[in-house]
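Hi there,

Here is the structure I promised to pass on. Have a look when you get a moment, and my notes follow below.

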Amino acid sequence: MSIRRAGERYRGGDASAGIESLHAFSFGRFYDPDNLRFGAVIACNEERLAPGAGFDEHPHSHTEIVTWVVDGELTHRDSAGHATVVRPGDVQRLGSAGGVRHVERNDADVPLTFVQMWLAPKDPGGEPSYEIVRGIADATPYALPAAGAMLHVRRLAGDERTAVPDAPFVYVHVVRGVVRIDGEALGPGDAARITDADGLELAAAAPAEVLMWELSG
């Protein structure tokens with residue numbers, strides 16, 4: 001298990017435009033050949049947008065993009081004709097396939113924070129796809145077969161425990177609260193990269209929200 005702290009993330013974005021980006025993996029100008037991916041996960045970005053700020057239309061291809069809003073509301077529009085507002089509790093997925101363009105903005109009057117995770121598909125190309133699950137229930141897994149992955153969203157009370165999936169690769173991102181895995185404490189923005197997970201538990205030391213990716217080999 002490798003623990004990566006929030007303070008170790010690459011800091012990007014554009015402060016003058018109201019954008020702050022925190023990258024867990026090699027990203028853009030923050031190139032690190034030893035931190036390119038973990039299993040299918042190739043990016044886990046925490047994005048903070050001031051009211052009125054956002055990312056203008058830009059392209060993606062050959063990537064499964066999953067978004068989790070922490071606070072605020074995210075306005076999404078893409079070249080395949082989808083236009084949605086993503087709120088806390090919603091899971092949004094954009095399969096960019098052979099190519100798609102989209103816009104992401106904070107059109108509300110309060111700050112927006114969201115976590116965006118990119119996964120490499122097993123088979124590149126194809127037609128873009130889109131899905132949003134409104135208000136996903138706690139412990140309800142979200143399957144992403146295109147990347148051989150499963151997302152587990154857990155909202156834990158203090159002292160509550162949950163199993164870490166037994167899998168070749170597990171990526172754990174703490175959204176809020178404090179949890180412990182195998183004696184290691186993790187706080188908001190911290191992540192654990194676990195190889196050959198077997199019989200591990202995650203315990204909340206205080207009310208917590210955690211995203212866990214179960215990844216095939």
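**Around A204**

Setting aside neighbours within four places in sequence, A204 is in contact (heavy atoms within 4.5 Å) with L156, A157, G158, D159, E160, V178 and V179. This is a predicted model, where local features need pLDDT of at least 70 and side-chain atom pairs count only at pLDDT 80 or more, while totals for chains, interfaces and linings use all residues. Residues are numbered from 1 along each chain as its sequence is written, and side-chain values use heavy atoms, leaving out hydrogens and water.

A204 belongs to strand 20, residues 201-204 (strands are DSSP runs of E, at least two residues, numbered from the N terminus). With a relative accessible area of 3%, A204 is buried (under 20%; exposed is over 50%, with a 1.4 Å probe and protein chains only).

**Around D196**

D196 sits in the loop between strand 19 (191-195) and strand 20. Here the relative accessible area is 57%, so D196 is exposed. Not counting residues up to four places away in sequence, D196 touches A167 and P168. From D196 to G217 the C-alpha distance is 9.4 Å, with 21 residues of sequence separation.

Happy to talk any of this through.

Best wishes

Conventions. Helices (H or I, at least four residues) and strands (E, at least two) are DSSP runs, numbered from the N terminus.
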